[in-house]
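Let's take a walk through this structure together. Have the sequence and the 3D view ready, and turn the model as you read.

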Amino acid sequence: MSRCIRNPVHRIPLAGRESGRALLLGVLLMVAVGVLVAALANGGVGGGLGALWELMRGRGDPMFARVVWELRLPRAGGAMAAGALLALSGAWMQILLRNPLADPYVLGVSGGAACGAIVALSAGAAGIGVDGGAWLGALSSMLLVFWLAGGPGRWDGGARLLLTGVVVASGWGAVVSFLLYLMPDERLRGALFWLMGDLSRVGDPWPAWGVLGGVCVLTWPLSRSLNLLAIGPERAATLGVAVGRVRWMLYLLSSLAAASAVALAGSIGFIGLVTPHLLRLLGCTDHRLLLPASALLGGTLLTLADLLARILIAPRQMPAGILTALLGAPLFLWLMQRSRR
Amino acid sequence: MTPLLAVQGLSLTAGTRRLCENLHWSIRPGECWALLGPNGAGKSTLLHALAGLRSVDAGEILLQGQPIPQWSRRALARQVGILFQEHAYPFPATVLEIVLAGRHPHVPFWSQDSAEDLALAHAALRATGLEELAARRVETLSGGERRRMEVATLLLQSPRLILLDEPTNHLDLNHQIGLIALWVEQVKTRAGALIMVVHDVNLAARFCDHFLFLFGTGESRHGPREEMLQGPLLTRLFDHPMLAVESGERTWWVPG
């Protein structure tokens, strides 16, 4: 495959071939499982693969069992779900706005979520209260942008929606800064961690898995239409796609996915923007393959980032959001350089 | 014979400019039409309105007796297809993927493209001389190859009414003639119809039996070839003297 990537004119991308599709998904699935196992086996209180194997056979240390099942599993499961939701949301928004630079944050969804979460934190809420605040903030921001942009009928290639989202997002940014400024010092640290994307607060990741399953089921019949929409809305319309209806669906699905991810994991950048592009650089251009592959790779990247965030400076931990960009930026730039040569 | 397409009292405007006013026009099966006019006269806008991409300011467009807005997108895509003038591709895709999009209206919503659809796509690639390029990325194609890829997509869509917006753009001479001849043959065998926007009067005269002129003022005229290709009328249309040169059985139009 490396030869194919080096020679952009004559390459026959691996992922473009029928046998390549199954292979790519298989490899991504194996990597995802591997990273998940590593995330369960490693951490601050130690462990390792051997201890995890003993535990699987029902003979482990009960203390270690509690750490794995009650702390590490929900956290790794949360990272997997949030990463998958962010990557899917990014892929959808890029098609919706017909702009390869779009990501879940550009439409103001995360700004609204951050605002909701900070309001909840200022009020002294914790746990479910913060999640709920983020959810409400994300959804109200989404409705606000949607209302201001005037619905998909008036979207001229997404420019109006994009501008509305960017402006609303910067408005939320100012509100968040103001709230942080007013916040008492003892709560400030928690709020800042939330803004950096911290998975240590994940309590119950299973609602997010429910949302992930739901959006996957809803998007599967649409993915052939998405291939056409990526070519262009006018071409798609003349080839039989009900463009207005599909765009509404995309807007709702991508906002819902982003809101769930942000409520679960805080503001985590980069996964939504970079994951679909990494796959496109690998030759994965058909959305019937790109969407499931994005979900797998996005979940894997965030789980890996969170694992590293837990063990790199152990016994201390850092927010995973710091590492997603630290890992993602060089990886992306390296792939882009290779594909240009 | 009932018309394939009937335009009744159609008016189109762009901003404050009148493109066409109160146009009554009908297209019968088997007819090939050329759309001529100066830049900005509304030729592309009219094509887009016929494809259902644009609302009209007044009047109605009926396809097989039914107004265009009442057609579902899928059903309409099986009847009407358009070759756009220019197109940008913001996302990477392979030539085969783009061409396969032409099968979209024929493949049921809940199923995926079959081996038969793939075979049809390869046949369309062969017809446009692109077989070798099936796996190539669209961003590595030249302008002419990209144009042929779009032609192949429309061949695969195989609509009854074919709308072509400057089909000869970017194409070599052999492909210009060959591809238009292919469309015309399709129209005759399937009792379809073709409407193309062109700038070359002689190319249009070779393939089209009917002409519609848009003057850029809202005024339009249409009719059979012999009636429309007259020196004074062409001179007024292009705002430049047009002379007829007789050569054997054919008449060539040259700018004076």
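What follows goes through the sheets, then the packed helices, and finally the cavities.

A few ground rules come before the tour. This is a predicted model, where local features need pLDDT of at least 70 and side-chain atom pairs count only at pLDDT 80 or more, while totals for chains, interfaces and linings use all residues. Residues are numbered from 1 along each chain as its sequence is written, chains are lettered from A and ligands numbered from 1 in the order in which they are written, and side-chain values use heavy atoms, with hydrogens and water left out.

Let's begin with the sheets of chain B. Strands of a sheet pair through backbone hydrogen bonds, either parallel or antiparallel. Here, two strands pair if DSSP finds at least two bridges between them. The elements themselves are DSSP runs numbered from the N terminus: helices are H or I with at least four residues, and strands are E with at least two.

One open sheet in chain B has four strands in the order 2-1-4-5, with antiparallel pairing. Its edges are strand 2 and strand 5 (66-67) of chain B, each of which pairs on one side only. Look at strand 1 (residues 5-14) and strand 2 (residues 17-27) of chain B, which run antiparallel and are joined by seven bridges. You can trace the pairing residue by residue: B:Leu5 stands opposite B:Ile27, and B:Ala6 stands opposite B:Ser26. These two strands form a hairpin with two residues between the strands, and B:Gly15 there takes a positive phi near 65 degrees.

Chain B has another hairpin to look at, made by strand 11 and strand 12, again with two residues between the strands. In its turn, B:Gly248 has a positive phi of about 65 degrees. Six bridges hold strand 11 (residues 242-247) of chain B and strand 12 (residues 250-255) of chain B in an antiparallel pair, with B:Leu243 facing B:Val254 across it.

Now find the open sheet of six strands in chain B, ordered 6-7-8-3-9-10, where the pairing is mixed. Strand 6 and strand 10 (220-224) of chain B sit at the edges, each pairing on one side only. On average, neighbouring strands of this sheet are turned by 15 degrees against each other, direction ignored. For a parallel pair, look at strand 3 (residues 32-36) and strand 8 (residues 193-197) of chain B, joined by four bridges. In that pair, B:Leu35 stands opposite B:Val197.

On to the helices. Two packed helices are described by the angle between their axes and the distance between the axes. The axes are lines fitted to C-alpha atoms, for helices over the stretch in contact, and angles run from 0 to 180 degrees between N-to-C directions.

In chain A, helix 9 (residues 206-219) packs against helix 12 (residues 243-265) at an angle of about 165 degrees, with their axes 10 Å apart. Helix 9 and helix 12 of chain A are therefore roughly antiparallel (angles under 35 degrees count as roughly parallel, over 145 as roughly antiparallel, 65 to 115 as roughly perpendicular and the rest as oblique). Their crossing is left-handed, meaning that the near helix is turned anticlockwise from the far one by less than a right angle; clockwise would be right-handed.

In chain B, helix 4 (residues 115-127) and helix 5 pack at about 135 degrees, with their axes 9 Å apart. That makes helix 4 of chain B oblique to helix 5 of chain B, and the crossing is right-handed.

How many cavities of 30 Å³ or more does a search of the whole structure find? There are five. A cavity is a set of points on a 1 Å grid over the protein atoms alone where a 1.4 Å probe fits but cannot get out, and lining residues have an atom within 4 Å of a point. Grid points are joined across faces, edges and corners, and a volume is the space filled by probe spheres set on the points.

The largest cavity has a volume of about 100 Å³. Its lining includes A:Arg235 and A:Leu239 as well as B:Phe84 and B:His87. Helix 5 of chain B gives the most to this lining, with four residues.

The second largest cavity holds about 70 Å³ of space. Among its lining residues are A:Phe270, A:Leu301 and A:Gly328. Helix 15 of chain A gives the most here, with four residues.

Technical notes: On a 1 Å grid over the protein atoms alone, a cavity is a set of points where a 1.4 Å probe fits but cannot get out, and a pocket is an open set with protein on both sides within 12 Å along at least five of seven lines; lining residues have an atom within 4 Å of a point.
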